[in-house]
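Subject: Structure for you to look through

Hello,

Here is the structure I said I would pass on. Please open it beside this email and follow the notes below.

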Amino acid sequence: MSTPELYTVHVSDAEIEKLKRKLGDAEYPDELDADEQWRYGAPLSDVKRLAEHWRTGFDWRKAEAEINELPNYKSKITVDDFGEIDVHFVWQKSEVQGAIPLLFCHGWPGSFLEIQKLLPLLKGGDGSPAFHVVAPSLPNFGFSQRISKPGFGLTQYAQICHHLMQDLEYSKYVTQGGDWGFYITRIMGILYPDHVLASHINMIRAQPPSFVSQPALALKHALTPYSEAEEAGLKRSSWFQEEGQAYRQLQSTKPQTLAFAFASSPVALLAWIYEKLHDWTDAYPWTDDEILTWVSIYYFSTAGPSAHVRIYYEANHNPTSVVPGRERATQWVDSVKLGLAHFPKELSVVPQAWGKTLGPVVHESVSERGGHFAAWERPDVISRDLQDMFGKKGPLYEIIPGKSGY
């Protein structure tokens, strides 16, 4: 166990200048003469505009200063067979004595920065519970260490997040996550059931209820027609399966080949991530500076601009007896109380009955707008769900002994 140290994000002038040189030398592809370019991928005009702004107008030092206004820390966390790993994390320690420890876990292509809008909403007061918020950069992401040894899969990501919370003296805690945060926090609940007492998730991966395992729920599901919103959600899920997951197949099978593009070309990294920011949100009004801040965190990552894609391969190729695959996260977990947030432009939009196959659901919200990056797009919903779950009138009030949030 190491003592957490305050951390300041700082990218060298040489790295910034190198980026600008690469952007200045960039070559661009042609594109079809089509009225709708997005169906083919990121439009040339958008990527050119963003790349030129990245080179001449975007102020990384300003973005960096705003990041450093967050309570950034670093600590060495021990993982079995991998030794000590440097982990960067945001840690907002509440002044409320009974504040609830909350681990926030990001996914791809997000980062620790997604916690930024939630932090002021989780301080408590005015009848709302307070939280100690811990938001790590996962290894190979942001400002945490690169993992060079093969085999760092879901079990190891779960372990590093759990050990971080233990090192911060949060023996029992709750979690929030989407994307890889869904998988990692779910696996944490499987591996550490005495410590992970509740989870809130905003990307809900689940299957229809089975007559074998949940006959009552399955019967109700069979007899209840899907709502209009649920039908639209299934269409959204089908779109992702048919038109939106090529990135996942590449990153899950041959990440190293793809890494050459990201290491060589910042424009390739920009286009790859920008496409997802556009397609995976619900018409969120991204500013160019927002987009470039998100992409810059990947480009200037401590692990380099290409290590992030390896999580897909490692998660799929390192089974254990307890976690034979990431599909285990989509199955019943008895020990963890669940809160579910449904958004219409998520990648996986399942009927509410499906979500109840994941575990004991104690709270659900259904929003009319919102997409994949819920903490960034709809921090009001995520914070309200957490307050409703753990507040004095909520189902999980005082679920952690001595930690009521008040």
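**The N-terminal part**

Helices (H or I, at least four residues) and strands (E, at least two) are DSSP runs, numbered from the N terminus. UniProt, in an unreviewed entry, lists residues 6–115 as "domain: Epoxide hydrolase N-terminal". UniProt positions follow the numbering used here, feature names are shortened, and annotations may be inferred rather than shown by experiment.

The model is predicted: local features need pLDDT of at least 70, side-chain atom pairs count only at pLDDT 80 or more, and totals for chains, interfaces and linings use all residues. Residues are numbered from 1 along each chain as its sequence is written, and side-chain values use heavy atoms, with hydrogens and water left out.

**Helix packing**

Two packed helices are described by the angle between their axes and the distance between the axes. Axes are lines fitted to C-alpha atoms, for helices over the stretch in contact, and angles run from 0 to 180 degrees between N-to-C directions. Angles under 35 degrees count as roughly parallel, over 145 as roughly antiparallel, 65 to 115 as roughly perpendicular and the rest as oblique.

Helix H2 (residues 44–56) packs against helix H11 (residues 288–299) at an angle of about 70°, with the axes 11 Å apart. H2 and H11 are therefore roughly perpendicular. On the H2 side, the contact (heavy atoms within 4.5 Å) is made by Arg49, Leu50, His53 and Trp54, and on the H11 side the residues include Ile291, Leu292 and Tyr299. By class, this contact of H2 with H11 has six nonpolar, two polar and three charged residues. Here Ala, Val, Leu, Ile, Met, Phe, Trp, Tyr, Cys and Pro count as nonpolar, Asp, Glu, Lys and Arg as charged, and the others, Gly among them, as polar.

H11 also packs with helix H3 (residues 60–67), at an angle of about 80° and with the axes 11 Å apart. H3 and H11 are therefore roughly perpendicular too. Trp60, Ala63 and Ile67 of H3 meet Thr293, Ser296 and Ile297 of H11. That contact of H3 with H11 has four nonpolar, two polar and no charged residues.

The axes of helix H4 (residues 154–167) and H5 come within 9 Å and cross at roughly 75°. That makes H4 roughly perpendicular to H5. Among the residues that meet are Leu154, Tyr157 and Cys161 in H4 and Trp180, Ile184 and Leu191 in H5. The contact of H4 with H5 has ten nonpolar, two polar and no charged residues.

**Cavities and the annotated site**

How many cavities of 30 Å³ or more does the structure hold? There are six. A cavity is a set of points, on a 1 Å grid over the protein atoms alone, where a 1.4 Å probe fits but cannot get out, and lining residues have an atom within 4 Å of a point. Grid points are joined across faces, edges and corners, and a volume is the space filled by probe spheres set on the points.

The largest cavity has a volume of about 100 Å³. It is lined by 16 residues, of which Gly107, Glu114, Gly178, Asn202 and His372 are the closest to its centre. This lining has six nonpolar, eight polar and two charged residues. Strand E4 (100–105), strand E6 (173–177) and helix H14 (374–377) each supply at least two of the lining residues.

The second largest cavity has a volume of about 90 Å³. Its lining includes Asp179, Trp180, Tyr247 and Tyr312, and by class has seven nonpolar, no polar and four charged residues.

The unreviewed UniProt entry places the feature "active site" at Asp179, Tyr312 and His372. Of these, Asp179 and His372 are included in the lining of the largest cavity. Asp179 is found in the loop between E6 and H5.

**Two backbone details**

Most residues other than glycine have a negative phi, and most peptide bonds are trans. The bond from Trp108 to Pro109 is cis, with omega near 0°. Asp126, which is not a glycine, has a positive phi near 55°. Pro109 lies in the loop between E4 and strand E5 (131–136), and Asp126 lies in the loop between E4 and E5.

Regards

Notes
1 Å grid on protein atoms, 1.4 Å probe; cavity = no way out; pocket = protein on both sides within 12 Å on 5 of 7 lines; lining within 4 Å.
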